[in-house]
Amino acid sequence: MTDPLLSLRGISKSYGQIHANQGIDLDVAPRSIHAILGENGAGKSTLMKLIYGVEQPDDGTAIWEGEPLSLASPAQARRKGIGMVFQHFSLFETLTVVENIRLVVKGRTADLTERIRTLGRDFGLEVDPLAPVHALSVGERQRVEIIRCLMTNPKLLILDEPTSVLPPQSVDKLFDTLRRLRDGGVSILFISHKLEEIRAICDHATILRGGRVTGNVDPRDHDAHDLACMMIGRDMPDPMPALPLSGGEKRLEIIGLDHQPDDPFAVRLSNISLSVRAGEILGIAGISGNGQSELASLISGEAVLPREQRDRIYMMGKDVGTLGAAARRQRGFAFVPEDRLGRGAVPEMSLVLNSLLTAHPLGLLRHGLVDRASARALTNECIRQYDVRTSGPEAEAGALSGGNLQKFIVGREIMLSPKLLFVAQPTWGVDIGAATAIRRRLITLRNEGMAILVISEELEELFELCDAIQVLHHGRLSPPLATRDTRPEEIGRYMMGAHSSPEKAVA
Ligand SMILES: Nc1ncnc2c1ncn2[C@@H]1O[C@H](COP(=O)(O)OP(=O)(O)OP(=O)(O)O)[C@@H](O)[C@H]1O
């Protein structure tokens, strides 16, 4: 066998009582695409941070190209030829794309701008180099992270869930890119919860469970179900059947909404109409950056309509377009935003305090003071019901693994028992076992009469969950398509900008 590019032996890392990595051995071969598989909290991101020098191991050794490797910082890792794209973004929001890239890649702004455009075109990672990062959607930000990393010409590229917010077409392009990089001599460490993707692109897979290596396999020799069982150490739950539509009352209605946000880089919304009834799940499909975040802020109440725009957004039969988020929540609305750190949760605060942020109306305040015992009980219940792996309710939200924080936020909002629940990217970064559990839960709630609106870039997820799907493209919404009569390719056509053939539209 050829010598490995990177060899780890006996790597361990603990955070207080939590043993995130324990005695990890890992060999990454040259020219290989190597998957790291594991449930939420298994220790994947921690291991990658150790390799990239963000964190230092408590124990163990690393060999890089035959020489001992000790990394004190990401800058040192980059000098050795190790690049990483993070699950959580590391971009400065107030700078433009090219300004962010200049912080890491040397060169004149004009040359870098041109290289960003060329790389974007070649690899399906298009993004405007001059746009400020705060105006970009989550998907676009991820593209910037990947481009920035490719521009440092790494020998080992670490990708922590790179495809979680990419549309199917871009995933194919990204995979072509990764194969080309591999054939050109780059090794890639690839973390993903999408087992079919791992089977499609990876030549090795290392499985982690509870911070230890539990297996090394060739993923092409196993089907996705096998891999999932190895990861979670037990069999998978079955999906939940949806009952036929109940045709309840309209809990959300948007009528001919036109909106031009103040931000010049934001997407203008044109003539948006949709409705969600009690006992129904409506899905909004589309590639991020087509108006999803603009529509989400208008529905959540983070952005409100000017006073003269009446009769555009109704919740539970009331015109709410000019009301803020809190007033909408009081009417029985709950919301899970797509970025969990920042808007979904405050990373420096404990889970108990994060519960209070939205759940305080559930009897958690007494005489204007926080009832800590009830807040703790509620948080514990959320941790239990949603299988949030954490040291306990006092853990800081920022210390949870990405998928576990997502489970916590989704759980917290569902526990409010809203009449209308709006979830953006419900299972983003959540492992396959927990994703199935969240989807089953949403379908149960729908069967019990909740109205649910889901924005997701994962078509498979929308097909599993929704009664009807509408596609957002360039700020316009397609007619609703009944999921049972629609094929994914038809949705795909709308995602690419095809126009309506309303015969399949739901009445
Ligand atoms: N800075 C930190 N402080 C305390 N605990 C941490 C910290 N970072 C990670 N952990 C804990 O270490 C364990 C492993 O987390 P890690 O992020 O490596 O998991 P993961 O496999 O990448 O999960 P996911 O798929 O959800 O991203 C988790 O229990 C997590 O809560």
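## Around helix H8

Contact here requires C-beta atoms, placed from the backbone, to lie within 7 Å. Helices (H or I, at least four residues) and strands (E, at least two) are DSSP runs, numbered from the N terminus. This is a predicted model, in which local features need pLDDT of at least 70 and side-chain atom pairs count only at pLDDT 80 or more, while totals for chains, interfaces and linings use all residues. Residue numbers start from 1 along each chain as its sequence is written.

The residues that H8 buries are Leu 227, Ala 228 and Met 231 (buried: 20 or more other C-beta atoms within 10 Å of the residue's own, C-beta atoms being placed from the backbone). They lie on the same side of H8, because their arc around the axis is only 100°, taken from the directions from the helix axis to the C-beta atoms. After H8 comes Gly 233, with a positive phi near 75°.

## An open antiparallel sheet

Four strands make up an open, antiparallel sheet, ordered S2-S1-S4-S5; strands pair if DSSP finds at least two bridges between them. Strand S2 (18-28) and strand S5 (67-68) are the edges, and each has a single partner strand, so one side of each has no neighbour in the sheet.

Strand S4 (residues 59-64) and S5 run antiparallel and are joined by two bridges. Trp 64 has Glu 67 in S5 as its bridge partner. Helix H1 (residues 44-51) lies across strand S1 (6-15) and S2, at about 60° to S2.

## A parallel pair

Strand S6 (residues 82-85) points Ile 82 and Met 84 one way and Gly 83 and Val 85 the other, and all are buried. Four bridges link S6 to strand S7 (residues 156-160), and the two run parallel. Opposite Met 84 stands Ile 158 in S7.

## The ligand shell

Around the ligand are 22 residues, of which Tyr 15, Asn 40, Ser 45, Ser 401 and Gly 403 come nearest (the C-beta atom, placed from the backbone, has to lie within 6 Å). S2, H1 and helix H13 (402-414) each give two or more residues to this shell.

## The whole chain

The protein chain has 16 helices and 23 strands. Of its 507 residues, 48% count as buried. Among contacts between residues at least 6 apart in sequence, 68% join residues at least 24 apart.

Methods: Two residues are in contact if their C-beta atoms, placed from the backbone, lie within 7 Å. Axes are lines fitted to C-alpha atoms, for helices over the stretch in contact, and angles run from 0 to 180 degrees between N-to-C directions. A residue is buried if 20 or more other C-beta atoms lie within 10 Å of its own, exposed if 12 or fewer, and partly exposed in between; C-beta atoms are placed from the backbone.
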